[in-house]
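Please study the sequence and the structure shown below.

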Amino acid sequence: MTERRLALLIGNGTYQSDKVTQLAKPVQDVTALAELLRDPKIGCFDEVQEVINQSKQEVSEAIEDFFRDKKKSDTLLLYFSGHGVRETSSGRLYLAVHNTKPARLQSTGISARFVNEQIDDSLSQRKIIILDCCYSGAFPPGAKAVLDGTVGTLDAFTGNGRGKVILTATDSMQFAWEGDDIIGQIENSLFTHYLVEGLRSGQADLNNDQHITVDELFEYVHKRVTEATPKQTPLKSVTDMQGELIIAKNHAWRPKKVELPAYLKDWVYSPHMRNRLNSIEELMFLYKKDAMFMEVVHEALQRLSQDESRPVRGAAGGALEELGLLPTESDLEAEKQAKLESEKQAKIEA
């Protein structure tokens, strides 16, 4: 069965109603995330659709089409950046789009109920929902917020479907910061800024296994956001998810440098000459036995070849020669030339 990776990214920053604050970041949020998801070295998504500053009709159709006729093995990612609005009389929750009118939410807003129905009716059991919006009672400068009251983002979008992970920018009583007040000049809202940073840099690969799971990405973003401001706490909800859900590859992956076994490291750095001398035979055995230790063993033998003790220096030099690790004449010449070039550059700069 062919697995597909599909994403629908919705951003809204401009509003026809003068009752809703304009936002500068949603377009940048969508563009930045879309670039990473499309990148074959990072997101590897087969299709990424961007819906920016569109009406309720266009956004509703895009959401319905996105979740319809999908397979269980399809990975679906829905992302929204913009305002959340609560209807005063009923307490129902809506996503605000270009033509949303606070006084006509049912006809002009995207209800959380509608979104949940599309998500839960989808056959996919690998759904990722990321909401960079919040619900609060006021509009501080630079913050995304709700009109007239407080309702939790996470609770409103949890629903009853299977195979679903929801990441939200904040909880019900906080603001999802959009401006530059928290971390200086940024291109994206605070939550999406670290979302993008974790994927682009690969730092969200917390266990260094070359893949970034949704859990790892959330943990990375949560830590960075809460370090940046106590005013925002991202939240996560998981519903009947089997196994880990990979959202991206770590394109910057490098193998972690292994260390010598503790006992052998103690010998190499021991103040007692006999221990340092005894370590050399063990180092040679380890070098031949396991390739993953080659680099660190080479470094240890080079250190011992410059030891204050003549027997240690001699034994380490012999080990380097036996293992074929002594520098060749061309290596020495290259090192000499590099040193001369460095000294020449230092004189020029002085």
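**Strands, helices and loops**

Q: In what order do the 6 strands of the open sheet stand?
A: Strands here are DSSP runs of E of at least two residues, helices are DSSP runs of H or I of at least four, and both are numbered from the N terminus. Two strands pair if DSSP finds at least two bridges between them. The pairing in this open sheet is mixed, and the order of its 6 strands is S2-S1-S3-S7-S9-S12.

The model is predicted: local features need pLDDT of at least 70, side-chain atom pairs count only at pLDDT 80 or more, and totals for chains, interfaces and linings use all residues. Residues are numbered from 1 along each chain as its sequence is written, and side-chain values use heavy atoms, with hydrogens and water left out.

Q: Is S1 largely enclosed or left open by the rest of the structure?
A: Buried means under 20% relative accessible area, exposed means over 50%, and partly exposed lies in between, for a 1.4 Å probe and protein chains only. Arg5, Ala7, Leu9 and Gly11 point one way from S1, while Leu6, Leu8 and Ile10 point the other way, and all are buried. Because 7 of the 7 residues of S1 are buried, S1 is largely enclosed.

Q: Which residue of S3 is the bridge partner of Ala7?
A: Strands of a sheet pair through backbone hydrogen bonds, either parallel or antiparallel. S1 and S3 pair in the parallel sense over 7 bridges. On the S2 side, S1 is joined by 6 bridges, again running parallel, and there Ala7 stands opposite Val48. In S3, the partner of Ala7 is Leu77.

Q: Which residue in S7 stands opposite Ser81?
A: Strand S3 (residues 75-81) and strand S7 (residues 126-132) run parallel and are joined by 7 bridges. The residue in S7 that stands opposite Ser81 is Asp132.

Q: What angle does the direction of H1 make with that of S2?
A: Contact means heavy atoms within 4.5 Å. H1 packs on the sheet and touches S1 (5-11), S2, S3 and S7. Axes are lines fitted to C-alpha atoms, for helices over the stretch in contact, and angles run from 0 to 180 degrees between N-to-C directions. The direction of H1 makes with that of S2 an angle of about 175 degrees.

Q: Why does H1 count as roughly parallel to H6?
A: Helix H1 (residues 26-38) and helix H6 (residues 190-201) have their axes 10 Å apart. Angles under 35 degrees count as roughly parallel, over 145 as roughly antiparallel, 65 to 115 as roughly perpendicular and the rest as oblique. H1 is therefore roughly parallel to H6, since the two pack at an angle of about 20 degrees.

Q: Is the crossing of H2 and H4 left-handed or right-handed?
A: The axes of H2 and helix H4 (residues 112-121) come within 8 Å and cross at roughly 20 degrees. Ser60, Ile63, Glu64 and Phe67 in H2 meet Phe114, Val115, Gln118 and Ile119 in H4. A crossing is left-handed if the near helix is turned anticlockwise from the far one by less than a right angle, and right-handed if clockwise. The crossing of H2 and H4 is right-handed.

Q: What is the relative accessible area of Cys44?
A: Cys44 is found in the loop between H1 and S2. Its phi is near 60 degrees, a positive value in a residue other than glycine. Cys44 is partly exposed, with a relative accessible area of 26%.
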